[in-house]
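Here's a quick briefing to read alongside the model. Take a look at the sequence and the structure first, then run through the notes below.

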Amino acid sequence: MVPLSYYLVLSAVLFACGVAGFLMKRNIITIFMCIELMLNGVNLAFVAFAAHWHRLSGQVFVFFVMVVAAAEAAVGLAIIISVFRTRETLNVDRVNLLKL
Amino acid sequence: MPTSFFTGTDYALSLPMILLSLFGLGVLIIDLMLPAEWKRWNAITALIGLGFSTAAVMRIQLGHFADGRPLVGSFAYLSNVGGQVVGSVLMDGFSIYFFYLFLLGAAIAILMSAHYLEIEHEHHGEFYALILFSVVGMMCMASGYDLVLLFIGLELMAISTYVLVGFLRRDKRSNEAALKYLLLGAFSSGIFAYGLSLLYGLSGSTNLQVIAQALQRHYSANPKDPIAIVAMITTATGLLFKVAAVPFHQWAPDAYEGAPTSVTGYMSVAVKSAAWAMLLRIFLWGLYPLRPVYLPLLVFVSVATMTVGNFAALSQNNLKRLLAYSSISHVGYMLLGLIASDNITNKTGIQGILVYLLVYTFMNLGAFAVVTSLRRRDIIGDEIDDIAGLYSKAPTEAVLMLLFLLSLAGIPPLAGFYGKYFIFLSLIQTQHYVLASLAVLYAVLGLYYYMRIGSAMFMRPATDPEPVAISPGMQVALAVTAIGTVGIGILPEFFIRAAGWSLGIQQAGTSLLGFLR
Amino acid sequence: MPQNYVPIFLFVAVVAIAIPATLMIGKLVRPNNPEKAKLMPYECGIDPVDNARGRYTVRFYIVAILFVVFDVETIFLFPWAVQYRALGLFGLVEMLVFLAILIVGYVWIWKKGALEWV
């Protein structure tokens, strides 16, 4: 039996990788994949906790997170396509019409 | 084995959401059959849907169980968690109050949009379907008492809004705004979900009540329990992102500037109210035991929000961007109410936030309605220069805009004053004198940038000869928002009492106004 | 427990004999008429060897978007299928409602022309 803390550390590492990638990467698709990585870290934590508490509600939450991630990915890809169509680049540094 | 399934009450309590979903799907299907010149019927269908939903909310507000207990305050979708029966939906006065707010904001936004979308050549039925779906999401956020429902509601609202922001597909700014909003929104949802997973780990349940009990145990055992604190900080970060509080505000000016103007108005009131509903629900119900831990955080965030919002607004030349920064500063004031009140010993601040959100719906949507109507054939109309000389072209609109701006600044006879008044009152009641005086100073600063728009309208000559035409839908929207802004200012008792009722305060309106006179 | 591995060893043995055998039989039986296009890996008419940074047409993105959404929605069918008997008629009706909502979305994308390969 693998202890709960192992799963939590792995989930925290996955989440941190996602956050770091989100902040450092410059390609929109890569940034998007980093967000998915964050959500997968969340999913792992939920499943680990569900096993720890012997309750299914955590697993149910994971289902919803996955579906939400898929919907977000679909909308995200659509927006990425329309961004690419209007400016022919996927580098976030060049998507800079709106200034602070 | 499931012990019980949903009962008729569950469906009655979720009828507002069910109706809106049905109408949203209906608009999608009807839109496929409508010829291009009949697209306005989509707006009318959506408004009918909002009307039916309002009727369903009223039925809950006034309805009773068979044994005479009121429907308000009851839980729906009960389940058994570790021997404790808990509900997923809490239909209390708080939820009902926010339901009305969302329906109002959505209705006015739809009235504002029809003509605007025709000018932009993007008049599609999906727009209205997305607005209805986002209202369903908001309702889940306001009434959700379970992390699953709160998360689903948040995402339903957010994903619909991402599409609405990018609705002008051929416009570079709209695309860019949608992209930035989507990336930062998804990022904040990820952080929020991580916080939720830790809360689930601490309590073994997704129900806010069970979570509050577990946090209470953890807090009394060890006030510095690191997992509880990390869970609180990540959850709070996600929530503060959604209300656009500093330092998580960067998306707001970009998204507000690039979005179609009517959507900007909708985002600044309804989406923001929904985020506030969820923030209050989580901070005051679920995370309440950690209040001593999160208070210093909120003080920092609210002072930073007021400072950045007000100072950044000073130098803006784009109307939508200016109003975006002003809405950030308003979030700062509202956070002060949450700092002052805990909803148990002192409810004034929370009541102030609710009143604030109501008057903000009227005055900010009104201001955005005026900005929306500046969009004409070849004029984007979102710079301060575009509003210059409005008084000579459309005097009624200019006067209404001035009214909305004065209300946003919090000048006494108008509605905006009461929002600020209750927040400041709650700060004084709880001896937060420094914060109160800081907030008053910033409110004075706010007057300056609102009056920059005012002086442009009245003092400067018009930059273009193109007249400002106001469509019938826009006339209704302007009339409703103006009546709301002036009406709440002159006769505030009813609305203050409504906010008090939603928090379970008896006759609070009169006693507090007695203090005023 | 070494005897637990007996089926696996049997499986490995069958695989080790069957695959070379079928390949050999195929080689002996079929007509031999080599051609360049026939030797390429089968990939729906796309050139299989290309620059890794090459671009796909945007139509694939649209198909991918639709696939992601409709594929992941089926996730909700699995728990229902597992608990079908316990959920009974109520579960069936709820699932039909869920599928009806999906079908509205499907009809919508169909009518919008997103499924056409223009």
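**Quick briefing**

Chain B has 22 helices and two strands, where helices (H or I, at least four residues) and strands (E, at least two) are DSSP runs numbered from the N terminus. Heads-up: this is a predicted model, so local features need pLDDT of at least 70 and side-chain atom pairs count only at pLDDT 80 or more, while totals for chains, interfaces and linings use all residues. Residues are numbered from 1 along each chain as its sequence is written, and chains are lettered from A and ligands numbered from 1 in the order in which they are written.

**Chain B overall**

- Along its principal axes, the C-alpha trace of chain B spans about 70 × 60 × 45 Å.
- Of the 517 residues in chain B, 61% are buried (20 or more other C-beta atoms within 10 Å of a residue's own; exposed means 12 or fewer, partly exposed is in between, and C-beta atoms are placed from the backbone).
- Looking at chain B contacts with a separation of 6 or more, 76% join residues 24 or more positions apart; a contact means C-beta atoms, placed from the backbone, within 7 Å.

- Helix H6 (residues 147-165) of chain B and helix H11 (residues 261-286) of chain B have axes that come within 12 Å and cross at roughly 170°; axes are lines fitted to C-alpha atoms, for helices over the stretch in contact, with angles from 0 to 180 degrees between N-to-C directions.
- That crossing makes H6(B) roughly antiparallel to H11(B) (angles over 145 degrees get that label).
- Among the residues making this contact are Leu150(B) and Leu154(B) from H6(B), plus Val263(B) and Met267(B) from H11(B).
- By class, the residues of the H6(B)–H11(B) contact are 10 nonpolar, one polar and no charged; Ala, Val, Leu, Ile, Met, Phe, Trp, Tyr, Cys and Pro count as nonpolar, Asp, Glu, Lys and Arg as charged, and the others, Gly among them, as polar.
- The largest nonpolar core has 232 residues, and Phe102(B), Leu132(B) and Ala274(B) touch the most other members; such a core is a set of buried Ala, Val, Leu, Ile, Met, Phe, Trp, Tyr and Cys residues joined through C-beta atoms within 7 Å.
- Helix H4 (residues 93-119) of chain B gives the most to this core, with 19 residues.
- Skipping neighbours within four places in sequence, Phe102(B) has contacts including Val135(B), Met138(B) and Ala274(B).

**Gly454(B)**

- Gly454(B) sits in helix H19 (residues 433-459) of chain B and counts as partly exposed, with 19 C-beta neighbours inside 10 Å.
- Not counting residues up to four places away in sequence, Gly454(B) touches Leu402(B) and Leu405(B).
- Gly454(B) and Ile387(B) are 67 residues apart in sequence and 9.2 Å apart in space, C-alpha to C-alpha.

- Chain A has three helices and zero strands.
- Chain A has a radius of gyration of 17 Å, whereas a compact globule of 100 residues would have one near 13 Å.
- In chain A, 40% of the 100 residues are buried.

Notes:
The radius of gyration is taken over C-alpha atoms; the globule rule is 2.2 Å times the number of residues to the power 0.38. Two residues are in contact if their C-beta atoms, placed from the backbone, lie within 7 Å. Angles under 35 degrees count as roughly parallel, over 145 as roughly antiparallel, 65 to 115 as roughly perpendicular and the rest as oblique.
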